[in-house]
Every structure is written in structure tokens, then in C-alpha cells.
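Subject: Structure handover and notes

Hello,

Here is the structure for your files. My notes on it follow below.

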Amino acid sequence: MHEASILASRNVLRPSPRGLKAWFARRLVGLMPFAFRLMRRFKPIAKMGSLYIATRHDDVRELFATDTAFAVPYKAKLDVITGGQPFFLGMGDTPDYRSGLKAMQDVVRADDLPVLAQGAEQRAEALVQAAGGRIEVVGLVRDVTFGLLGDYFGVPEPAAGSLQMWATRLFEFQFADSGDSPELRAQVDVIAPAMRAHVAAEIERRRSAGGAGGAWGDGGKDDVLARCLALQAASEPGYSDGEIRTALVCMMVGGPPQPPMVVPQALEQLLRRPAALSGAQAAARDGGDEALRGYVWEAMRFDPLAPGLPRVATRTWTLAQGTKRAREIPAGATVLAAFASAMMDERRVPDPHTFDPRRTPHQYIHFGHRLHECFGRHINGATLHRMLKPLLRREGLRRAHGREGRLSKNGPFAERLVVEWG
Amino acid sequence: MRQTTLSVPLEVKPESSARLTDLIEALRQREETPPLGHPQEYARIMRDVPSLHFMSMSVFPSHDYDPLFILEANFDGPSGAFWGQIEAAFGEDLRAMLRCCKRPLDRDGPLYDAVTAPDSRLAVAPYFEARTMRPSVFHHGNRGMTRDRILDEAALFLAIRDELHEADSDGPSPYRGASAAEAHQKLRAALLPAFPWLDHRAPKRIPLTERATDIVRLLLFAVAAVFIVSLPGIILQAFMRTDRYLIALIGLMIAIVVLLFLKRKPLPGTEAPGKFRPIAFLLRHSLLIVLMLGAYLLIAVPVATGLHMLFRGLGAEAAWQPALRAVLLGLAFIPLALLALVLRLRYLERRDSWHDAPHTDEQSLREMVRREDWIAQNHMGSIVLIKPGVLRSIIIHAGHLGLGLLLRVKATDGYLGSMRTVHFAHWAFLNNHSRLLFFSNFDHSWDSYLDDFIEKAHAGLTLAWGCGVGFPPTRFLVLDGASHGRMFKAWALASRAVSRFWYSAYKDLTVDQIERNARIATGLRRKSMTEKEAGRWMLDL
């Protein structure tokens, strides 16, 4: 594909694979919960080819928590996206990791959460209102997320191209391309430099605007980029142009593509359970945001972001040591922390097949655990349910007729779900 | 929902006992000091461990053993989910406590190593699960009531109070002059918006399958017990003619009865007044005894017939008569077996030692007193040594098993005998069954709790605890014993340890009040009542 046409493409997702192989793969994914159940019972730490899979709640937590023996495998691909600039997502628990993390924590603040939550709901409400009784949910959530977080981080739409497509394609490359597709890599080799250049240009533009106007950002706008530039001006470490650019690129790649995956999946799960849907709608109408979050979190448990997250053993380690299921993982081996399975483990999650919106937080491992727990978990916690709230408030919310009323997927991505109301 | 009671006893390194005590105290202080934004003490546990009713942590010092750290927990549902919640709430606190405990020498040793290793991130829950000890006997006061249901119904009770109190603030009360059925409907309508769950049927406290299982297990125990006690008779009858067998039986029984009669009186100075009369008790429960024997016959005769057919090659018609004879003559042996056991026991009782003035550590006593009577409930934990001997060991183990099964069948409405003051209590055997552990979460003060038992259930108490070294002198297993009120209290007090950490999920509620709240809520869940039903229901308001 031509470079310009790659960048200008508006197709957020790559065409879904077709043919018998793709059909078979989809069926296999559908069987995964059952397979996990068998594994939890008979082979909790299984070896499949060169891959080890931890399926029980305790073991998945141990795997995530033991970052001294299990490292994240993200660095190589992250380097492609960032152009070799290090980012804390790819690091172990080092001083660089901590300083990088702190630099972002200083500009992505807890007191932004109420504003983000409100913003998510307002944007979703506007889109739902304009839709007039029928809407495609994946697109709705994608528009809300990218609009909201683009504004929040200070990354605008590129002049020629789509931030949604760029970020999602890079996200796929980073987190969902276990087969190392050459076609995808070719696209990434075009998109990643463009994304870096786009953010770098924005940094420059905002610095110029801030220098001229006396305040950082357009019209004194207080976003993450503005805060970074302010700290840069104050000579705080961790805010060089390269570091700001890398952080913003990674935030946009790692964050916004996720809600359009999990939120429609959550709605699909609610639509499958009339009682749960009714409870979620009652919470949405009564303004019970905490209760609504409980419904969405619980719905996500039945179809989470991914089956699991990979880790690479940096040294030989015995997982679940001292128990009957203990298994030695050799150095260099890849282990999948199957958090989807862990959240269904009846040994720690009471009545896992029952929809219970009042579960305690520890039963969920939606965003990892300990060192590399998703940086955006608090933003997700504040916004995901608020994106669905306007829809759930609608009377007569239902699936559209036919296949489009059922969530379709394209690989790990939610692709299309149409609902109606009124 | 089924409730679970368990305890985890862990031997403590003697040199780390003080450190462990400090860790438990630090945890208590942290939970009793709510952080900003939390409305009350222990709010974190309320939120993060929603299945928990009562939990305690104590360190029991001992002259005979190294100190013992015991975590006692009473909660809703299966233990795996509970430990998951505990892990999330206290995982690192428990890890630090485990490091003060000894490494077990059995197969749990490697797990202990992994959990307590420096910088270990392995969950501690599997270790606590592995070291969990199930009770030998337990009692749940409010059977089948989840913590959330107890709290919801308590909130409903308070809301009813407010509703009735404020009903006449803006004019005449709408409840005044209304019939009981009308008042019920008005009250329901007023409370339904705030308590929408009133529109749903209450979950069954004891599902039919659980109830049936409890009864079947008790029956199986009874059948097994009858079989074991009658087994010598079944063997003997095979070698004796029926008339000689019966004559021998009666002769021996008369001899033992005479001996028992001669030894019936308490030793000088050990008599204690008590209301329990064993013969009257047996007569009162004669129907139950007959039913159990009937159940035994129903099972034993066909089984014995089958065995005769199998081993002697007889047909069914020829086999049932000798089978019936064997079973009946076996049953006839039971009184003799029981009398012989009582005689042997009486021999042991007359030679038992007891503790007139057990030593109580003054500082521990002050600590216990300081922590008691702050709320409507209290807690006690006790460990006693068990008297040696095969007979006693058999009696206490069989007795605990039977008592546990009987309580599951009989104690379903909060009452333990005639008392309704125990939320959760259990006994368990420790240290290869050489010690007996007792935990209780009860209403009112420790003194009144024990007084209640001494007054109303001294026989049961003597039966369950009489095996303890130093227990006041007993007679025929159930007489005297706990009726020596002062001695018994001193003995029980000396066996206690300070409850360093104790949590109650509903500290203002007594067992009685929880049952009352449940009755009120169950009534309000009904859309309508007859006048008579409503009148009865209103008595609880």
C-alpha cells in the first residue's frame, strides 16, 4: 500500500481475515472459557508448545506481582513505535521506570478524573442524542474516547489521517500481533514516524503559542501537554521534547484503543442478561455512578480486554511454589497470565458464573496487577461506565434486528454492535 | 447461604511471640483508626471482606507447648472466596505474622518457605488454606443469614422505627386507628422505595438439600454408633444360644448396675447442685431413640440378610431369620455396653484430679477485662489439655462428632438449648488431638454468658469440656462438672487468651435482635397479611 494512502486511511481496523482458518480461529476463541475451565481444574499451569499458561487466580497474581522474575515483553515493539526512545511500559522496576512513571503521574492527576468522567458522559450524550434512536456502539465509544483523551493529553487529529486509525493500528502491533504480521509491520513503519512527527509538531506549536500568549496551550488550556511544557520550562527532569513526545505517543497508543474494545463487549454482555441490563439501566437513571460502574466492571469480566497478558521469565522460577501444581518456568520462556481465566476461578471468585455487580475490587484483574498495572486504570475507572450511561438511560434500549444487533469482532477488536431505543 | 467456621492454628517461634503480638495489635489499631473519608472503625474490612461475620486473632501462651497463633473466622460461603478477600485486605500483614511462626515439618514446609521468603509475592492465602482446621463441633446462631442480609434487615428495622416515630410529625399518624393488616400495608408502601428488596422473596436460610443432608448425616452417625456398640453382641450371639446369651447379658447388667449404684454418689466435697437428670432426659428423648433404633433396624436387617446370603450361601427366606436374630441380640447388648462404659468412666472420674485454683496471669486478665463489654457482643478463645486414655479419647471424639451433627439438625433458629446468645462458636482439636480449642462470639458479658450455660446447659457443657485437664470433678460424664460454677469459671478463665484482634460485622446486634429483624423483614416482604397474621407480626415492631 502506498505510504500516503496508509496514513490517510479511515479504516480503523484492518480487514478481518476470511476463510476456513479464520473461521476456525474464531471458534477456538469462543471455546476459550471452557478450555480455561478445564485447565484450571486439571492443568492449572499448562505448557503449550513454548508457551506456558497460568490460569488460576493466585498464579496469575503471582505472575504479575513477581516482576523480578517475569518481565514485560513490550520493549522491542515499543522501540519501533517510539523510535528507540525508552518508555516505562517496556522497563523493569528500575530508577528509569520510576522516574518515567512519576513524570507522567505528575501531569495525569487524580483531580482530573471527575472532569474526564463528566466529559465522557457529555460527549456520549451528545452523540446518542444526535443519533435519533439507533446507534453503532463501537463507533460511539471510539469517538468519545479519542475525542476526550485527545483533548486531555493535548494530541489533536492529524491534518491528513485519523488518530483513531493510527493509534489502533499501533496498538494492534504492540499488544495484539502475536504472529508478527509483515503487512502490519509495513503499516507501522509508516504510521509510527508520522505519529511521532505529528506529536512533535504539536509540542512545537504549543510551545510557540504558549511563548506568545504567556500561557501554555491554546487559550491557557490546561491539558497534559501544557503541564509537561510548564514543567519543562521549570527545568524539571523527565520533560525533554523527546520524553514528552514519547509519553504522549504511548499514552495515545496504549489508552484510547481499549475502551472501544471493552465497552461494547460489556454492553453485549448486559444485553444477554435482561436482569443485569435492567439493573444497569436503573443505576444509570438514578445517577448511581458507583453502582453503574459495578455493572460495567462485572460485564467486562465475562468478556475482558484479552484472554491474558504475556510475560517473559528473566530467570528460572517456580510458579505456585509449595503447592501441588507448582511448575518450573525456565528462563526465557513466555508465560501468559490468563487474567480472563483468573476472574472466573471459583477458588477465589465466589459464584464466578453469576452476574454480581457488587463484587469486591480484588476479584477483578482487568488491568493487570502491581508493577505494570495499566497506567490508565483510574481514567478507565472514571469514564468507561459513563460512556454507556446515556445509552443505558434510554427507554426501550434493545439490540437492532439481525446480525448487526449482535457484537461482531475482528480479531481481538470489537467491530460493530448496533442498538436501538424508544 | 451456608456459613463456614474455621480456625488456622500456627505454632509460633517463641522468640517471635512478642513481635507477633505487636503485629496483631498494630493491625487492630490501624483498623480501629479509620482513615479520612471512612465513616467508622473496621470500615475497610466491612468493604473488602464482605463475607465476614466475625474474625479473631489470638496468641495462646502455654507452659506445655510453644505459643500458638490462631486466626478464627466465621463467614458466608466457601473458604476459597473468603481467603481471596482476606488476601486482598491483609495479605502483607499476614505474611509478616507468618514469619513469626514456625516452619511446619510436613508437606506444607515448602509452601511456608515460598510465602515467607524475603520479598515473596506469593499469595499467603494458599498457606492459610493448607493449615486450616475444621471444627469438631460448631454452632451458628443465625443459620443461613448472610452478613449483608443481617445488615440490610437491621437498617430496615431502624427505618421502621424512624417511620413510626416521625409519622405524626406533620399531623395525625396514618398508623393510628388503622387495623394491623392496614398498618402492615402502609408501612410496606412507605419503606419499599428505600428497600426495594422487600419486593423479592427472602432467600431460603436452610435449603432443603442442606437440611436433608444434615438429617441423613445424623441418621448415618446414629446407625454407625449403634452398630459399633452392638458389634460385640453380634459376634457373641454367633457362638451362644439365645437363652444363654440373654441370661448372661442380664446377669452382667445387674452386676454393673449394682456396682454403679454403689459408686453413684459424688466424692466428699465434690457434689454440685444441678438440674440435669439423665434418666428423665433419656425418657424425654425416648421417641427419638426409638426412631433411631428403627432406622438402624431398617438398614441393618437387610444388610445382615445380604451378608448371610453371600457368605453362607442361603436363600433370602432362610437368611432373614438368623440376620434378624443377630441384629436384635446385638441391640440387646447395647445397654450392657453402655453400662460397662459408664462404670469404667466412673472408675476414672473417681481418680481424676481437678484444679481448685488454676493460675491466671494477672496482666492477661487485665487485658481481657479491658477489652470486654464495649459493645453488645464479646469474644472468648480457650485452649485446654485433654485428659489421656483410650476410652476418654473415643468418647470425646464420638461425642463431638455426634454433637456437631445434632446441632446442625436441632439448632436452626438461633437457640442453643434454651439460650439464644451465641452467634458463632466452635470446638476443635489441636496438637494431634492433645488439646481442645474453643472459640465463641456471644452476646452480653463473659460472666453472664457462662452463668447462662452453668444454669441452663451445665450437662452439655460438662459433656463437651469434661475431658479437659483440671476440669471440675464430674460424675457419669454429665453431672456436677460445670455446675461447680465458681470452679468452672476459674478453670475457663485460666484457659483463655487475650483476643488481640476481634472483628464483628454487626457489633450492635444480638442473635435475638437479628432473628427479630428477620421476622419483621419477612413480614414486610409479604404484600398482604390477614389481620391475625399482621397482629402477630406487629408484636415484633
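Helix H13 of chain B, residues 362-371, is hardly covered: of its 10 residues, one is buried. This and everything that follows refers to a predicted model. After H13(B) comes Asp373(B), which has a positive phi, near 65°.

Chain B as a whole

Chain B has 541 residues, of which 35% are buried. Its secondary structure amounts to 19 helices and 10 strands. Along the principal axes, the C-alpha atoms of chain B fill a box of roughly 85 × 65 × 55 Å. Taking the contacts in chain B with a separation of 6 or more, 77% are between residues 24 or more positions apart.

The four-stranded sheet

In chain B, four strands form an open sheet in the order E4-E6-E7-E5, and the pairing is antiparallel. Strand E4 (137-140) and strand E5 (377-385) of chain B are at the edges, each pairing on one side only. From one strand to the next the twist averages 10°. E4(B) runs antiparallel to strand E6 of chain B (residues 422-430), and four bridges join the two. Within this pair, Phe138(B) is opposite His426(B) of E6(B).

Helix packing in chain B

How do helices H7 and H19 of chain B pack, in terms of angle and axis distance? The angle between H7 (residues 180-191) and H19 (residues 531-538) of chain B is about 65°, and their axes are 7 Å apart. H7(B) is therefore roughly perpendicular to H19(B). The crossing of H7(B) past H19(B) is left-handed. On the H7(B) side the residues are Ala180(B), Ala181(B), Ala183(B) and His184(B), and they meet Glu531(B), Ala534(B), Gly535(B), Trp537(B) and Met538(B) in H19(B). Sorted by class, the contact of H7(B) with H19(B) comprises six nonpolar, two polar and one charged residues.

A residue in H12 of chain B

Helix H12 of chain B covers residues 316-350 and includes Tyr347(B). Is Tyr347(B) buried or exposed? Tyr347(B) counts as exposed because it has 12 C-beta neighbours inside 10 Å. Its C-alpha atom is separated by 9.6 Å from that of Leu260(B), a residue 87 positions away along the chain.

Helix packing in chain A

In chain A, helix H12 (residues 259-272) and helix H14 (residues 289-302) cross at roughly 90°, and their axes come within 8 Å. H12(A) and H14(A) are therefore roughly perpendicular to each other. H12(A) contributes Val262(A), Gln265(A), Ala266(A), Gln269(A) and Leu270(A), which meet Tyr295(A), Val296(A), Ala299(A), Met300(A) and Phe302(A) in H14(A). The contact of H12(A) with H14(A) has eight nonpolar residues, two polar and no charged ones.

Where the chains touch

Chain B puts 17 residues into the contact and chain A puts in 15 residues. On the side of chain B that touches chain A, the elements giving two or more residues are helix H3 (79-98), helix H4 (109-116) and helix H5 (125-130) of chain B. Which of them gives the most to that side? H3(B) does, with five residues. By class, the residues on this side of chain B are 10 nonpolar, four polar and three charged.

Regards

Notes
Residues are numbered from 1 along each chain as its sequence is written. Chains are lettered from A and ligands numbered from 1 in the order in which they are written. This is a predicted model: local features need pLDDT of at least 70, side-chain atom pairs count only at pLDDT 80 or more; totals for chains, interfaces and linings use all residues. A residue is buried if 20 or more other C-beta atoms lie within 10 Å of its own, exposed if 12 or fewer, and partly exposed in between; C-beta atoms are placed from the backbone. Two strands pair if DSSP finds at least two bridges between them. Axes are lines fitted to C-alpha atoms, for helices over the stretch in contact, and angles run from 0 to 180 degrees between N-to-C directions. Two residues are in contact if their C-beta atoms, placed from the backbone, lie within 7 Å. Ala, Val, Leu, Ile, Met, Phe, Trp, Tyr, Cys and Pro count as nonpolar, Asp, Glu, Lys and Arg as charged, and the others, Gly among them, as polar. Angles under 35 degrees count as roughly parallel, over 145 as roughly antiparallel, 65 to 115 as roughly perpendicular and the rest as oblique. A crossing is left-handed if the near helix is turned anticlockwise from the far one by less than a right angle, and right-handed if clockwise.
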